[in-house]
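The following exercises concern a single protein chain.

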Amino acid sequence: MYNPSNIHGINKILNYLLRSSTFGQKEWNQSTKAIFFNHRTKNARHILHSPFSNNISAAMSTNTIRQPAETKEVINPSKPLVVIGSANAEIYFEIDKLPKLGETISTNSSQILVGGKGVNQAACGGKLCYPTYFIGHIGDDTNEVVKNAGIVLLQREIPDSVNIQVAKAARNAGVPVLMDAGGMERPTPVELLCLVDILISNETELKNLTGMPTDSYEDISQAAAKCQEMGVKKVLVKRGEKGSVLYVEGEEAIRQLPISTGNILDTTGAGDTFTAAFAVALVEGKSEEECLTFAAAAASLCIQVQGAMPSMPERKAVLNVLQSL
């Protein structure tokens, strides 16, 4: 795993992956741009250059991203989704069983994939055909990108001090802040929570954040209320096979049942897919109910494919699921 502050390490990982035999021209995602800010030069610079064209973008998907011609939906985004987070190399092994203490077992296959919650969510935004920017290093130009965003999406795989800095810039610019609670297990600073418009967590993360049980729906509701007491405006809880629920202070909770579309092969990346899809739907102006359904549809497709980023669905596939409901 490479530290997000190691821009040269990230560059090496991503460019290696993009030029390896695993990826080709069809994998070049034209909807997601990767911007890393170098605090030494204080300038924003694109880190990835396409070996296939003069376009600069983040190529981290398994299919070409384009708006389907047969889709009547028209997207006219005024402001992009801006994701600030981590970029890692994920080493994926397929094994028949977990090894016992001291046991050595062989793998059936292995892959090196681009990963990290930040990169995953940014790539998912691009695959869903929404203009998405990924920032993996903070510099003086960050405020300019943040203040022109439609939504800023954070995670906790980077230092809280960075998230606080970005969230303050977003708040000053009137830009909504969504934060995925996944990442670090250390306590979340109240200063950060007060800057978050929607906190997105799973049951375990919510339990760690509040110190309260999350075994039942009633437990989760009480834990979400505790988050709101800590300063968060809205709390979105991902419950896996039990669906999701959005808590808005003073209003009735919005519950979304899971969407079943096929066999479950690998749940890796499902949470990031759900989070990114919810953010995309929200920045597009959909209602909160529609956002939850859109996110559930995207996650239902993700779990049918192995790996995190390779499993993130295209917008066309998500729309097909929604049309079938």
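**Exercise 1: Cysteines**

Cysteine 291 has a relative accessibility of 0% and therefore counts as buried, since buried means under 20%. The model in which this value was computed is a predicted one.

Task: Determine how many disulfides the chain contains, and examine cysteine 302 as a case.

Solution. 
Step 1. A disulfide is a covalent bond between the sulfur atoms of two cysteines. The rule used here requires the two sulfur atoms to lie within 2.5 Å.
Step 2. By this rule the count of disulfides is zero.
Step 3. For cysteine 302, the nearest cysteine sulfur belongs to cysteine 124 and is 7.7 Å away, and cysteine 302 is in no disulfide.
Step 4. Cysteine 302 has a relative accessible area of 0%, so this residue is buried.

**Exercise 2: The nonpolar cores**

Task: Identify the residues that touch the most other members of the largest nonpolar core, and list the contacts of leucine 178.

Solution. 
Step 1. In soluble globular proteins, nonpolar side chains tend to be buried together. In this chain, 52% of the 325 residues are buried.
Step 2. The largest nonpolar core has 43 residues, and Leu81, Leu178, Leu236 and Phe278 touch the most other members. The elements that each supply at least two residues of this core include β3, β7, α8 and α10. Its largest share, nine residues, comes from α9.
Step 3. Leaving aside residues up to four places away in sequence, leucine 178 touches Ile151, Val152, Leu153, Leu154, Ile198, Ile200, Phe278, Ala279 and Leu282.
Step 4. A second, separate core has 37 residues, among them Val152, Val196, Val232 and Val235.

**Exercise 3: Residues apart in sequence**

Solution. 
Step 1. Phenylalanine 134 lies in strand β6, residues 132–135. This phenylalanine 134 has a relative accessible area of 2% and is therefore buried.
Step 2. Glycine 262 is in the loop between β12 and α8. Its relative accessible area is 40%, so glycine 262 is partly exposed.
Step 3. For the chain, residues 24 or more positions apart account for 68% of the contacts with a separation of 6 or more.

**Exercise 4: The largest pocket**

Task: Describe the volume and the lining of the largest pocket.

Solution. 
Step 1. The largest pocket holds about 770 Å³ of space.
Step 2. Its lining comprises 32 residues, and Gly240, Thr267, Ala270, Gly271 and Ile303 lie nearest the centre.
Step 3. By residue type, the lining divides into 10 nonpolar, 14 polar and eight charged residues.
Step 4. At least two lining residues come from each of β4, α2, α8 and α9, and α8 gives the largest share, four residues.

Methods
Residues are numbered from 1 along each chain as its sequence is written. This is a predicted model: local features need pLDDT of at least 70, side-chain atom pairs count only at pLDDT 80 or more; totals for chains, interfaces and linings use all residues. Side-chain values use heavy atoms; hydrogens and water are left out. On a 1 Å grid over the protein atoms alone, a cavity is a set of points where a 1.4 Å probe fits but cannot get out, and a pocket is an open set with protein on both sides within 12 Å along at least five of seven lines; lining residues have an atom within 4 Å of a point. Grid points are joined across faces, edges and corners, and a volume is the space filled by probe spheres set on the points. Ala, Val, Leu, Ile, Met, Phe, Trp, Tyr, Cys and Pro count as nonpolar, Asp, Glu, Lys and Arg as charged, and the others, Gly among them, as polar. A nonpolar core is a set of buried Ala, Val, Leu, Ile, Met, Phe, Trp, Tyr and Cys residues joined through side-chain atoms within 4.5 Å. Buried means under 20% relative accessible area, exposed over 50%, partly exposed in between (1.4 Å probe, protein chains only). Contact means heavy atoms within 4.5 Å.
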